[in-house]
Amino acid sequence: MSEGMANLILAIGWVTVVFVGALGAIILIQMITGKIDLGHLISEPAKPGQENPEASLSRFQFLVFTFVVAMSLLLVIVSQKDGPAFPGTISPDVLALIGISGGSYLISKGIQTSRDVGLEKEKAKQKEAEGGAEGSQPPTA
Amino acid sequence: MEILATVIKWEIWVFMVGLVVVVGYQLLIGRINTAGMLNDKESGEFSPARVQLLLFTFIAAGVYFLQVAAEPKEFPAIPQEMLYLLGGSNLFYLGGKGWALVSQLFHLKS
């Protein structure tokens, strides 16, 4: 490889590093100042008319394990014998950990959605029944 | 090139740790909404199933991270008992939610 090409690669590397670093810093600063609002990071989606949706435990668990596994992966990568490198194998136990938290989140969401859909149908049935009952009453003079 | 690799390493470290600190701090001061996290969604009452899931989540996450920190060259083997514990805890929590759904669908509650 010629010296010019090597310098070009180095320059591209430095530009990328500075760009990614600046992006990371901007994201962190905006999270701290509140411009990126994390207020509802682990909240359920708001239902119509609901101002403050409740927090979800399965989302919180997913968040905790995402952070733990990501930090662990970073630690393993930087601690490799011959410099930073992706580990040769990822333990199936780690995948089980992510699978349990992710699966629990998805199932919980599915149950919650089914429950909400069921409640909406119940309300619609009740409204229909009330509307039918009113319609069958004779009009008052 | 070595300086570049070191700078990238530190950038990623600072970003990850910063993210954890920001999210952790905002959870502690209440800026991230945690209201109702330990309450049953249907009755609004305090739910022991949720508390046990929260406890086992913290225990499993803490033990795992400490194991990685002690020997960071490779991912540690997680004891099968811990996976069973965590899985069982999640099953108990989801079982409660599932039962509430079944009760609602078949009007099992009076």
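Modeller: Starting at the N terminus, the elements of chain A follow the order α-α-α, which amounts to three helices and zero strands. Please keep in mind throughout that this is a predicted model. Chain A has a radius of gyration of 27 Å, whereas a compact globule of 141 residues would have one near 14 Å. Its C-alpha trace spans about 100 × 35 × 30 Å along the principal axes. Of the 141 residues in chain A, 16% are buried. If you take the contacts in chain A between residues at least 6 apart in sequence, 41% of them join residues at least 24 apart. Chain A is also divided into domain 1, residues 1-36, and domain 2, residues 55-130. The centres of these two domains of chain A, taken over C-alpha atoms, are 30 Å from each other.

Now for the partner. Chain B has three helices and zero strands, and its elements, read from the N terminus, run α-α-α. The radius of gyration of chain B is 20 Å, well over the 13 Å that the globule rule gives for 110 residues, so chain B is more spread out than a compact globule. A box of roughly 70 × 35 × 20 Å along the principal axes holds the C-alpha atoms of chain B. Buried residues come to 16% of the 110 residues of chain B. Among contacts in chain B between residues at least 6 apart in sequence, those that join residues at least 24 apart make up 45%. The domain assignment of chain B gives domain 1 as residues 1-34 and domain 2 as residues 37-110, and the C-alpha centres of these two domains of chain B lie 26 Å apart.

On one side are 47 residues of chain B, in contact with 53 residues of chain A. On the chain B side, the elements that give two or more residues are helix H1 (2-29), helix H2 (48-70) and helix H3 (80-105). H1(B) gives the most to this side, with 14 residues. By class, the residues of chain B that touch chain A divide into 30 nonpolar, ten polar and seven charged.

Let's look at H1(B) and its partner. Helix H1 of chain A, residues 3-33, packs with H1(B) at an angle of about 10°, and their axes are 10 Å apart. An angle under 35 degrees counts as roughly parallel, and that makes H1(A) roughly parallel to H1(B). From H1(A), the contact takes in A:Gly13, A:Trp14, A:Val17, A:Val20, A:Gly21, A:Gly24, A:Leu28, A:Met31 and A:Ile32. From H1(B) come B:Leu4, B:Val7, B:Ile8, B:Glu11, B:Phe15, B:Gly18 and B:Val22. Sorted by class, the contact of H1(A) with H1(B) has eleven nonpolar, four polar and one charged residues.

Helix H2 of chain A, residues 57-78, and H2(B) have axes that come within 10 Å and cross at roughly 0°. That makes H2(A) roughly parallel to H2(B). On the chain A side, the residues of H2(A) in this contact are A:Leu57, A:Gln61, A:Val64, A:Phe65, A:Val68, A:Met71, A:Ser72, A:Leu75 and A:Val76. They meet B:Arg50, B:Leu53, B:Leu54, B:Thr57, B:Ala61, B:Tyr64, B:Phe65, B:Val68 and B:Ala69 in H2(B). This contact of H2(A) with H2(B) has 14 nonpolar, three polar and one charged residues.

Two further residues of chain B are handy landmarks as you turn the model. B:Gln67 is in helix H2 of chain B and counts as partly exposed, with 17 C-beta neighbours inside 10 Å. B:Gly87 sits in helix H3 of chain B, and with 16 other C-beta atoms within 10 Å, B:Gly87 is partly exposed. From B:Gly87 you can find your way back to B:Leu53: these two are 34 residues apart along the chain, and their C-alpha atoms are separated by 9.8 Å. B:Leu53 is one of the residues of H2(B) that meet H2(A), which brings us back to the place where we wanted to look.

How values were computed:
Residues are numbered from 1 along each chain as its sequence is written. Chains are lettered from A and ligands numbered from 1 in the order in which they are written. This is a predicted model: local features need pLDDT of at least 70, side-chain atom pairs count only at pLDDT 80 or more; totals for chains, interfaces and linings use all residues. Two residues are in contact if their C-beta atoms, placed from the backbone, lie within 7 Å. Helices (H or I, at least four residues) and strands (E, at least two) are DSSP runs, numbered from the N terminus. Ala, Val, Leu, Ile, Met, Phe, Trp, Tyr, Cys and Pro count as nonpolar, Asp, Glu, Lys and Arg as charged, and the others, Gly among them, as polar. The radius of gyration is taken over C-alpha atoms; the globule rule is 2.2 Å times the number of residues to the power 0.38. A residue is buried if 20 or more other C-beta atoms lie within 10 Å of its own, exposed if 12 or fewer, and partly exposed in between; C-beta atoms are placed from the backbone. Domain bounds come from an automatic or database domain assignment. Axes are lines fitted to C-alpha atoms, for helices over the stretch in contact, and angles run from 0 to 180 degrees between N-to-C directions. Angles under 35 degrees count as roughly parallel, over 145 as roughly antiparallel, 65 to 115 as roughly perpendicular and the rest as oblique.
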